[in-house]
Amino acid sequence: MGKVTGFMEFDRLDRSYAPVDERVKHYKEFIVPLSNNDIKRQSARCMDCGIPFCHNGCPVNNLIPDWNDLIYGENWKAALEALHSTNNFPEFTGRVCPAPCEASCTLNITDKPVTIKSIECAIIDRGWNEGWVTPKISHSKTGKKVAVIGSGPAGLACSQQLARVGHSVSLFERNSTFGGLLRYGIPDFKMEKHLIDRRIEQMRAEGVTFIGNTEIGIDVSTADILETFDAMVLTGGSETPRNLEVPGRDLDGVHYAMDFLAQQNRRIAGEDVTDNRTILAGGKHVVVIGGGDTGSDCVGTSIRQGAASVTQLEVMPKPPEMENKALSWPNWPLKLRTSSSHLEGAERDWSVATKAFTGEGGRLTGLELVRNEWKQNENGQFSMVELPATEFHLKADLVLLAMGFVHPKPAGLLDELDVALDERGNVKADETSYKTSQENVFVAGDMRRGQSLVVWAIKEGRRAARAVDEHLMGMSTLPD
């Protein structure tokens, strides 16, 4: 524990944002980091609790009190080693993770948790700046070959772990560049892509072979992969978006959120988007359906493209401003969350259901909406009930469906492998062996657990790597 009275002496201080009128003019990151001295003071607030609930709140089980103590003692390099011991890519989570660790912090009982996410990001950013992040090359090879399919956070973490214990790893990606959701789903203003590029260079030095423009099950058969490699790990994510099947869904101007976000990320990267139907928000009245992170990303991107207006709709009721700590802590609470994108000029509305999309000449012009409430029956089940005489119309030139993802895409890879699926359509496997129903085939990330967080994908990739290593070698030195 760095400073016994630190939590009483220092108030919570977190990173700030660049002014709205400045940041909406570009797609670069706009968070203003804390100084090293401020980070030291914030780390001093950690109480090194007897039961550190932040460990359980963090999916990768970061050693948070440990590196807080090291930062207070100005031992940044050791803090980086402690951070890397549980998390392959803290620069990703330090930017895009919603920080369930902070919700679990004991100081969150008084709404002033330790600024764990900012400290984590400061450690890894300094590590890169100081040249402390270097390849960890295995000097002994196992002779085993592993194919990892999908280069999102789960695939990257799995590949890096396997390469570091001496396996020959080939990471396959259907796109020309690597990173999956990190590359194409998360806007650059939340996470710039050079952060991915430098990790890929590190992994190449560690022995991972990156193979792009190759879709397994389409360009290369799964039989060829299983014949060539000793094991195969599926990390392709959950890519089937939830649809909104109401009248007018086929109108020009109604799109899935990820199609919109991926196009903008490709533009920024200088990739060709001419083969896709162009989706731009400039000068349009934009409606985003779905209140989660993807919807928020659509809001920020639409504003930067010059939308005339942006409205975000959510079918669920408006959450409370603050959670009931007695009922929720140390678990992730249900409460109102306002992102930096929301602060840039979006309107938000809750308990709204879409009845139909309206249009003229095949082109979207608006939405027919109705207000609803959620009622509970005698079995405790909730159902949505439309409120009478609450119908209203909303003008729209562009609607972005950001209602989440239901399961992986079965066409190609999964159909050809014929792996067993669970009741939700995800690839079936447990959290210990990560084995699918097919011999030598493993699965990790959203493809197994369903749509989730980047930090969970990293955890799944690490766990699956250990399972594969144990399967191939009879034992594993990789952490669980």
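This is a predicted model: local features need pLDDT of at least 70, side-chain atom pairs count only at pLDDT 80 or more; totals for chains, interfaces and linings use all residues.
Me: Which residues of H5 and H6 meet?

Reply: From H5 you have Trp67, Leu70 and Ile71, and they meet Trp76, Ala78, Ala79, Ala82 and Leu83 of H6. Sort the residues of this contact by type and you get eight nonpolar, no polar and no charged.

Me: Why might nonpolar side chains end up together?

Reply: The general idea is that nonpolar side chains tend to be buried together in soluble globular proteins. Now for the case here: the largest nonpolar core has 64 residues. Those touching the most other members are Trp67, Ile123, Val146, Leu182, Met191, Phe210 and Val468. Helix H19 (residues 454-473) gives the most to this core, namely eight residues.

Me: Trp67 again! What does tryptophan 67 touch, beyond its neighbours within four places in sequence?

Reply: Go and find tryptophan 67 in the model. Leaving those neighbours aside, its contacts are Asn62, Ala79, Ala82, Leu83, Ile116, Ile119, Glu120 and Ile123.

Me: On to sheets. In what order do the five strands of the open sheet run?

Reply: The order is E5-E4-E3-E6-E18, with parallel pairing. At the edges sit strand E5 (209-211) and strand E18 (441-443), each pairing on one side only. On average, neighbouring strands are turned by 20 degrees against each other, if you ignore direction.

Me: How many bridges join E6 and E18?

Reply: Three bridges, in the parallel sense, with E6 covering residues 231-234. For a place to look, methionine 232 stands opposite valine 441 in E18. There's a helix on this sheet too: H10 (residues 153-164) packs there and touches strand E3 (145-149), strand E4 (168-172), E5 and E6. The direction of H10 makes about 165 degrees with that of E4.

Me: Last one: how many residues apart along the chain are threonine 240 and lysine 409?

Reply: Sequence and space are two separate things to check. Along the chain these two are 169 residues apart, yet their C-alpha atoms are separated by 5.6 Å. Threonine 240 lies in strand E7 (residues 240-241). Not counting residues up to four places away in sequence, threonine 240 touches Phe405, Val406, His407, Pro408 and Lys409.

Methods. Residues are numbered from 1 along each chain as its sequence is written. Side-chain values use heavy atoms; hydrogens and water are left out. Two strands pair if DSSP finds at least two bridges between them. Helices (H or I, at least four residues) and strands (E, at least two) are DSSP runs, numbered from the N terminus. Axes are lines fitted to C-alpha atoms, for helices over the stretch in contact, and angles run from 0 to 180 degrees between N-to-C directions. Contact means heavy atoms within 4.5 Å. Ala, Val, Leu, Ile, Met, Phe, Trp, Tyr, Cys and Pro count as nonpolar, Asp, Glu, Lys and Arg as charged, and the others, Gly among them, as polar. A nonpolar core is a set of buried Ala, Val, Leu, Ile, Met, Phe, Trp, Tyr and Cys residues joined through side-chain atoms within 4.5 Å. Buried means under 20% relative accessible area, exposed over 50%, partly exposed in between (1.4 Å probe, protein chains only).
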